[in-house]
Amino acid sequence: MMEHLLTARAQMGTSLVFHFVFAALGVGMPLFAVIIEGLWLRTGDHAYYALARTWSKAMAALFAIGAVSGTIIAFELGLLWPEFMRYAGAIIGIPFSAEGFAFFIEAVFVGIYLYGWERLTPVGHWLCGWPIVISGAASAGFVMSANAWMNAPTGFRVVHGAVVDVHPWTAMMNAAAQTQDLHTLVACYLFTAFLIASIYALKTLRGDPFAHRALRVAMIAALLLAPAQILIGDRSAKFDAHAEPEKLAAMEGQFATERGAPLHIGGIPLPAQHRTILAIEIPKALSWLAFDDVNAEIRGLDSFPQDRIPNTLFVHLAFQAMVGLGSALALVALWWAIVTRLGRDVGPRPLLWAIVAMGPAALIAMEAGWLVTEEGRQPWLVRNFFLVSQGVTSARGLTFTFLGFTLLYFVLAGMLQWLLIRIDRTPPQADDAA
């Protein structure tokens, strides 16, 4: 069973690492396509029109790849975790069904948007983009509410090991969803903004005359989203302090229970020695950030059963990567705003190269945050109710499915890269507008 568990977790983890990228861009790209089209309608600058046409093609490619990837995830839930689906299917099946409705609404309007450029009025076409934005955000919200329920399960009772008396709305509106949904949605938009900025900063460095417009749109969005994400992340950490204290302790590498606990910046947890080394400590900062009280008590990892805490080293390093890179994103956005006067100037080459680097940095920060969420809940699938080891399949041949699905995801990633490069090879031209 341990071999099954490790293989199943490896397969699900690999699939989600890929799918999170596809889904995040699928949620974020429609918003930027609608924004750039709106700028064309407002200014009449046909360079914005050309960008909108290019980005709408990228949006379509992301939608197609994301749909395939999401379908694979749905099958994996049943194939790899049948006991979990038997246990919790009556609860998480409802938000997943709602996500299906949102997906079909999105699919309808993606078709209208793609084929309506010459068939609808400009304003009518622009308005048809907003249902894509809204339904994409709703899809993400429904899926994340199911995941949040696993962190803060509510809306049901367990009688003789079976889930009964399910209250779907209560389950969907669980306490974790109130921060996790927004945190994830903003992460999708922020990652998309910096990826666009990274690409068009590189184009600016190469002398593309139209890249500056796209760069400015993406960086203004990043300037607004990065500090908002920091504030939302603070709310999420405060929730963890109250509802998932073992996750917070793992995130911070906090082994001892203490009042006025310090905040660890960096460092390497050593679980065998029950301490974190090489960290910069800010006295009492963790207690203040978690409870708004410098003398508040923070429960350490040593106060929990040791078979019910997450992998401290993994969670701590992922959390530090998320926070460190997230802070870098905010600082680069601020640097850009000051130096370029909110994009009125192009900016110096070191700034543009820093923005190029922020594309991969945003990807790593987003994936690290997702890993903190998932690994921080271990060893539970449903916190305090259902262990990961209880949910895994006993079927044979998981190694072959792991290799097969991993290969499939690499193929999907390769196809997406090929499509986006092909789309990008037709550079925006101002005279392309009708």
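Reader: Is methionine 219 buried or exposed?

Author: First, the general idea. Buried means under 20% relative accessible area, exposed means over 50%, and partly exposed lies in between, with a 1.4 Å probe and protein chains only. Methionine 219 has a relative accessible area of 0%, so it is buried. This is a predicted model, where local features need pLDDT of at least 70, side-chain atom pairs count only at pLDDT 80 or more, and totals for chains, interfaces and linings use all residues. Residues are numbered from 1 along each chain as its sequence is written, and side-chain values use heavy atoms, with hydrogens and water left out.

Reader: Where is methionine 219 found?

Author: Helices (H or I, at least four residues) and strands (E, at least two) are DSSP runs, numbered from the N terminus. Methionine 219 sits in helix 7.

Reader: Which residues is methionine 219 in contact with?

Author: Contact means heavy atoms within 4.5 Å. Leaving aside neighbours within four places in sequence, methionine 219 is in contact with Phe194, Ala197, Val332, Ala333, Trp336 and Ile355.

Reader: Where is glutamate 244, and what does it touch?

Author: Glutamate 244 is in the loop between helix 7 (211-243) and helix 8 (245-252). Its relative accessible area is 2%, so glutamate 244 is buried. Not counting residues up to four places away in sequence, glutamate 244 touches Asn151, Phe239 and Arg383.

Reader: At what angle do helix 2 and helix 13 pack?

Author: Axes are lines fitted to C-alpha atoms, for helices over the stretch in contact, and angles run from 0 to 180 degrees between N-to-C directions. Angles under 35 degrees count as roughly parallel, over 145 as roughly antiparallel, 65 to 115 as roughly perpendicular and the rest as oblique. Helix 2 (residues 46-80) and helix 13 (residues 398-424) pack at about 175°, with axes 9 Å apart. Helix 2 is therefore roughly antiparallel to helix 13. Residues making the contact include Ala58, Ala61, Leu62 and Ile65 of helix 2, and Leu408, Tyr409 and Leu412 of helix 13.

Reader: How many nonpolar, polar and charged residues does that contact of helix 2 with helix 13 have?

Author: Ala, Val, Leu, Ile, Met, Phe, Trp, Tyr, Cys and Pro count as nonpolar, Asp, Glu, Lys and Arg as charged, and the others, Gly among them, as polar. The contact of helix 2 with helix 13 has 18 nonpolar, 2 polar and 2 charged residues.

Reader: Which residues of helix 13 are buried?

Author: They are Leu398, Phe405, Thr406, Tyr409, Leu412, Leu416 and Ile423. Threonine 7, in helix 1 (residues 2-43), touches Leu398, Thr399 and Phe402, not counting residues up to four places away in sequence. Threonine 7 counts as buried because its relative accessibility is 14%. Leucine 80 is in helix 2. With neighbours within four places in sequence left aside, leucine 80 is in contact with Ala8, Gln11, Met12, Gly391, Val392, Thr393 and Leu398. Leucine 80 is at 2% relative accessibility, so it counts as buried.

Reader: How far does helix 10 reach?

Author: The expected span of a helix is 1.5 Å times one less than its number of residues. Helix 10 (residues 312-340) has 29 residues and reaches 42 Å from first C-alpha to last, close to the expected 42 Å. Helix 13, with 27 residues, reaches 38 Å, close to the 39 Å expected.

Reader: What is at the start of helix 10?

Author: There, a side-chain oxygen of asparagine 311 reaches to within 3.3 Å of the backbone nitrogen of leucine 313. Just after helix 10, arginine 341 takes a positive phi of about 55°.

Reader: At what angle do the axes of helix 8 and helix 10 cross?

Author: The axes cross at roughly 70° and come within 6 Å. Helix 8 is therefore roughly perpendicular to helix 10. Ala250, Met251 and Glu252 in helix 8 meet Thr312, Val315, His316, Phe319 and Gln320 in helix 10.

Reader: Where does histidine 160 lie?

Author: Histidine 160 lies in the loop between strand 1 (157-159) and strand 2 (162-164). Its phi is near 55°, a positive value in a residue other than glycine. Histidine 160 is exposed because its relative accessible area is 82%.

Reader: Which residues does a cis peptide bond join?

Author: The bond joins glutamine 378 and proline 379, with omega about 10°. Proline 379 lies in the loop between helix 11 (349-375) and strand 7 (380-382).

Terms used: Polar contact = N/O pair within 3.5 Å; in protein donor to acceptor, adjacent residues only side chain to side chain.
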